[in-house]
Amino acid sequence: MSRDKRTTEDDAVASLRDGMTIGIGGWGSRRKPMSLVRALLRSSLKDLTIVSYGGPDVGLLASAGKIRRIIYGFVSLDSIPLEPHWRAARQAGTIAEPVEYDEGMLQWALYAGSLRLPFLPTRAGLGSGVMDVNSSLRTVRSPYADGEDLLAVPAIRLDAAFVHLNRSDASGNAQFLGPDIYFDDLFLSACEPGHRYLSCERIVATDDLLNEGTFHTLRINRSMVDGVIEAPNGAHFTTCEPDYGRDEAFQKAYVTAAGNPDDWKAFSERFLQGSEAQYQAAVAEWKAQS
Amino acid sequence: MTALADIVVIAAAEAFSGDGEIFASGMGTIPMLGARTARSTFEPDLLVSDGEAFYVGNELPIGGTDKQVEGWIPFRSVFDTLWGGRRHVMMGASQIDRFGNTNIANIGPWERPKAQLLGVRGGPGNTINHATSFFIPKHTTNVFVNTVDMVSGLGYDRAAQLSEWVQRNHRLPRVITNLAVLDFNSADHSMRLVSTHPGVSVADVQAATSFELVINGEVTETRGPTDDELAVIDRLDPRGLRHREVS
């Protein structure tokens, strides 16, 4: 019997410190570990470095002033292309150190981190604005006959990682049942052991892991995970296929509220000040009314 | 009279002509329709996706869900495919300059933008690895600019500064707008006017462009779809969503 790693969002966040580098899995407004992000919002943590294929996770953390530095491929809500809080923060200049990468560069940075390499070479990013605005990026020359100059994407090592999966057992053998794992496995493997937190829709017995998907869906094993959190509807309002799709109506309400300080204050008080259980209850009430 | 959207869809489809068995990827309704129309007519070997994570083998209408899945293409495989060069993408651009440098990232200085847009997303990797075409629904001097505010996609002048490999693989086949079809087939790879859509003059296109367009040879009128092609477009977009992108 493997070790029981069950914990809660608040205990996970309580284990973190100011200034840490936190990687957040998912993609845009898809399968984001939102219950962990909401716990982060409620915490006093600050000066964070966030690494993300960004969606509402980045928007919410930016609006709460949690982000000092961020490494991102994009920030988008998918069905609504632009993230309102992210736009506002960038346009107000409140993100001290934005590090903008090509989407593939970010994968390479996480992959290098997970392989404990200092960098990985690529052409993606060469000659683009990514290099114009980031003077720390370096190129490396191929030592072989071609002698080509390539971009050396520096490895990212994370202090903490948050991902949300469909199923997991209590020790962190986890399963994605939707169409794409995104880069969740890389976020976990690029992270130092200690603060690798995995939330899931449902914790199941190890024996039951193959009831809903083939072995191909078991891309995350317990050596990659330190804490497991059962969080039904935990990715709300982002997608968590096939358990549920994106709550488009709620996402729209989020965007509308973000457009006006008074509306955002009301939205935040209604949904984001209390516990995760209170959030889920407030969402259920909102749905019943609308 | 042929609707503008149908002319533009055929122009988008023709951008994929000759591509063979690669992933034809369209961002937005008209580019996606262009790829699917090409596959259903003159470029049958193309692979097209549902925009999520699957290659679809059947003639899937825009917004349709009745898919014949012929392959799995999660984002990691998209990156592998595009770095491997087996893809041609048609995407948007908020700004484009004479050499095809494009910007989808931000308007105003990157350090503190006047308007934060999408970010560079996959633009740098797309343009340096494989063919990238553009669809611009509103051709104006605000889009066709002298200098883009942030280079998300590489133009020919920037590619020329990089390796021979890059110069062999960087390719911007086509720019399609609500007014015209353009490409970069000129001596110095600056933007060339290929054809104007019916009722649009060369002067109209030039007036909507901040830089001088190259004209080398005859500027033709963009062709409309044949009856068979129009039937395909109607099957692929029965709700007429294409007419919301250009009209």
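Biologist: Which residue in S7(A) is the bridge partner of Arg141(A)?

Modeller: The partner of Arg141(A) is Asp149(A). This is a predicted model, in which local features need pLDDT of at least 70, side-chain atom pairs count only at pLDDT 80 or more, and totals for chains, interfaces and linings use all residues. Residues are numbered from 1 along each chain as its sequence is written, chains are lettered from A and ligands numbered from 1 in the order in which they are written, and side-chain values use heavy atoms, without hydrogens and water.

Biologist: What makes S6(A) and strand S7 (residues 149–154) of chain A a pair?

Modeller: Strands (DSSP runs of E, at least two residues; helices are runs of H or I, at least four, and both are numbered from the N terminus) pair if DSSP finds at least two bridges between them. S6(A) and S7(A) share four bridges, in the antiparallel sense, and therefore meet that criterion.

Biologist: Why are S5 and S6 of chain A called edge strands?

Modeller: The open sheet has the order S5-S7-S6, and strand S5 (119–122) and strand S6 (138–141) each pair on one side only.

Biologist: Why is H2(A) described as roughly parallel to H3(A)?

Modeller: The axes of H2 (residues 34–42) and H3 (residues 56–63) of chain A cross at roughly 5°. Angles under 35 degrees count as roughly parallel, over 145 as roughly antiparallel, 65 to 115 as roughly perpendicular and the rest as oblique. H2(A) is therefore roughly parallel to H3(A). Axes are lines fitted to C-alpha atoms, for helices over the stretch in contact, and angles between N-to-C directions run from 0 to 180 degrees.
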